[in-house]
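Have a look at the structure first, then read on.

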Amino acid sequence: MITTLLEDLARTSYPTIGHLLEEGFVDPGIGSLMGHVPGGVKIAGPAVTVRIADRDAIAMNRALLALRPGDVLVVDMLGDNRHAPVGAVTAAAAIAQGASAVVVDGVATDVRELRGAGLPVFARGTSCLTTKRVRGAGSAVNVPVHCGGVQVNPGDIVLGDDNGLIVLAPEAAQEVLPRALASDEAEPAILARIAAGEPLESILAL
């Protein structure tokens, strides 16, 4: 069921969901670090979450071991925008686990290597300063976290492309899906009418 839902969601235009909902949209300061990718970046997968406190790199390793194929690792840095928890080794481990993407409410490093590996990484930017092999008392894996102003629960669906990120509970995703697909199906006809020179007054909602 979840696989079919993810496949159907991936067929939608994610900005179309922005026409239909108001909640679940991650701060646009968190964006793709992949640069220009032919065809663009597009992800859809269930969230595995990690909260990282006190520059704790050990928590990230525990989260990597929790990943299953198709998962999106969502990292809450608790406001730390200086220490990067994601780099070349982290990305390689996530790929080995079959992850579909990593989302960091914070920064990443090794951006050239990340782009070469091909794993979509979303972050607020990049840094040479990284997390350390220490254990933070407030760190935890697969707990509710916050990412870009949105609460993310383990198993929530994370959608992302070059435009941004959306986090939805599976039930909310299931509810909005048919409306999003219907809207996408109607759009080509609207664009064709505009291109044909039909008066905009008869096309646009006024």
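Ser183 counts as partly exposed because its relative accessibility is 30% (buried is under 20%, exposed over 50%, partly exposed in between, with a 1.4 Å probe and protein chains only). Please keep in mind that this is a predicted model, where local features need pLDDT of at least 70, side-chain atom pairs count only at pLDDT 80 or more, and totals for chains, interfaces and linings use all residues. Residues are numbered from 1 along each chain as its sequence is written, and side-chain values use heavy atoms, with hydrogens and water left out.

**Ser183**
- Ser183 sits in helix α6, residues 170-195 (helices are DSSP runs of H or I, at least four residues, and strands are E runs of at least two, numbered from the N terminus).
- From Ser183 to Met77 there are 106 residues in sequence and 36 Å in space, C-alpha to C-alpha.

**Helix α1**
- In α1 (residues 2-10), Leu5, Leu6 and Leu9 are buried.
- These buried residues fall within an arc of 100° seen down the axis of α1, so they line one face of the helix (the arc is that of the directions from the helix axis to the C-beta atoms).
- The cover over them includes α2 (14-20), β2 (42-51), β11 (157-161) and α6 (contact means heavy atoms within 4.5 Å).

**Pockets**
- A pocket here is an open set of points on a 1 Å grid over the protein atoms alone, where a 1.4 Å probe fits, with protein on both sides within 12 Å along at least five of seven lines; lining residues have an atom within 4 Å of a point.
- The largest pocket has a volume of about 270 Å³ (the space filled by probe spheres set on the points, which are joined across faces, edges and corners).
- Its lining has 15 residues, with Ala57, Pro85, Val89, Thr90 and Thr131 nearest the centre.
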